[in-house]
Amino acid sequence: MKEVTGLLLMDVDGTLIQQEGIDLLAQEAGVGQKVAEITAQAMNGELDFSASLEARVALLKGLETSIFPKILEQIEVTPGAESLITELHQRGYKIGLVSGGFHEVIDPIAQSLGIDLVRANRLQTFDGRLTGKVLGEIVTPERKKDSLLTWARENHIPRSQTIAMGDGANDIPMIETAGIGIAFMAKPIVSAQTPYRIEKRDLRLVLDIIDRHRKERACISY
């Protein structure tokens, strides 16, 4: 078995993919504008994430579960994602996704990209339709941070060898906790608190940051 040398943890909506999954679902439910406004407020840190998610999901009540394949067809993976994942796997990294989005949308994407670890929310359904509720514990900012620490511990990876990346306010705790924290095409509140920033929609640029960080640490050690 190949030695695990590091862990990259990514947000999904707006980071790994270019859309917000819940906004696409809302458009199909006819409540797109209302949900998009709540999403924007939550990502800018203006609303409590759990409360905002529950409010948005409630608006999806009655949407047929058969809509998910159509949603997946609308999703675009961020340029450079496949190259980044392939390269980090070759370097011995585990790749994890932790998202305030939904397994129903994220799992097929994760499988197609060879992602190792996934944590997201799950939508409650009944008789082929969404009930407007979330099943189980919501993936909050603290759960994102806990996922980073738990997966690092389980894979015997020191925190200095972890990377966390996202674009919204709910990503800040995990970004601040990781050995390398990256704001990717992020809201101002995130960029202001993050040591590294990527402002071009190309995930391969993460490799430049990893290599630069390693060189900086080597100089300090010397």
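## A salt-bridge network

Glu87, Arg91, Asp211 and Arg214 are joined in a network of salt bridges, a salt bridge being a side-chain nitrogen of Lys or Arg within 4 Å of a carboxyl oxygen of Asp or Glu. This is a predicted model, in which local features need pLDDT of at least 70, side-chain atom pairs count only at pLDDT 80 or more, and totals for chains, interfaces and linings use all residues. Residues are numbered from 1 along each chain as its sequence is written, and side-chain values use heavy atoms, with hydrogens and water left out.

Let's start with Arg91. Its closest N and O atoms in the salt bridge with Glu87 are 2.9 Å apart, and in the salt bridge with Asp211 they are 3.1 Å apart. Arg91 sits in the loop between helix H5 (81-90) and strand E2 (93-102), while Asp211 belongs to helix H10 (residues 205-221), so this pair ties together parts that are 120 residues apart in sequence. Here helices (H or I, at least four residues) and strands (E, at least two) are DSSP runs, numbered from the N terminus.

How accessible are these residues? Arg91 is partly exposed at 24% relative accessibility, as is Glu87 at 25% and Asp211 at 25%. The classes are buried (under 20% relative accessible area), exposed (over 50%) and partly exposed in between, with a 1.4 Å probe and protein chains only.

## A buried pair

A search of the whole structure finds nine salt bridges. One of them joins Lys144 and Asp171, with the closest N and O atoms 2.5 Å apart. This pair links distant parts of the chain, 27 residues apart: Lys144 is in helix H7 (residues 141-154) and Asp171 in the loop between E5 and H8. Lys144 is buried, with a relative accessible area of 0%, and Asp171 is also buried, at 0% relative accessibility.

## Around Gly168

Gly168 lies in the loop between strand E5 (162-166) and helix H8 (172-177). Gly168 is buried too, with a relative accessible area of 0%.

Leaving aside residues up to four places away in sequence, Gly168 touches Met43, Lys187 and Val190, where contact means heavy atoms within 4.5 Å. Gly168 and Phe184 are 16 residues apart in sequence, and their C-alpha atoms are 9.0 Å apart in space.
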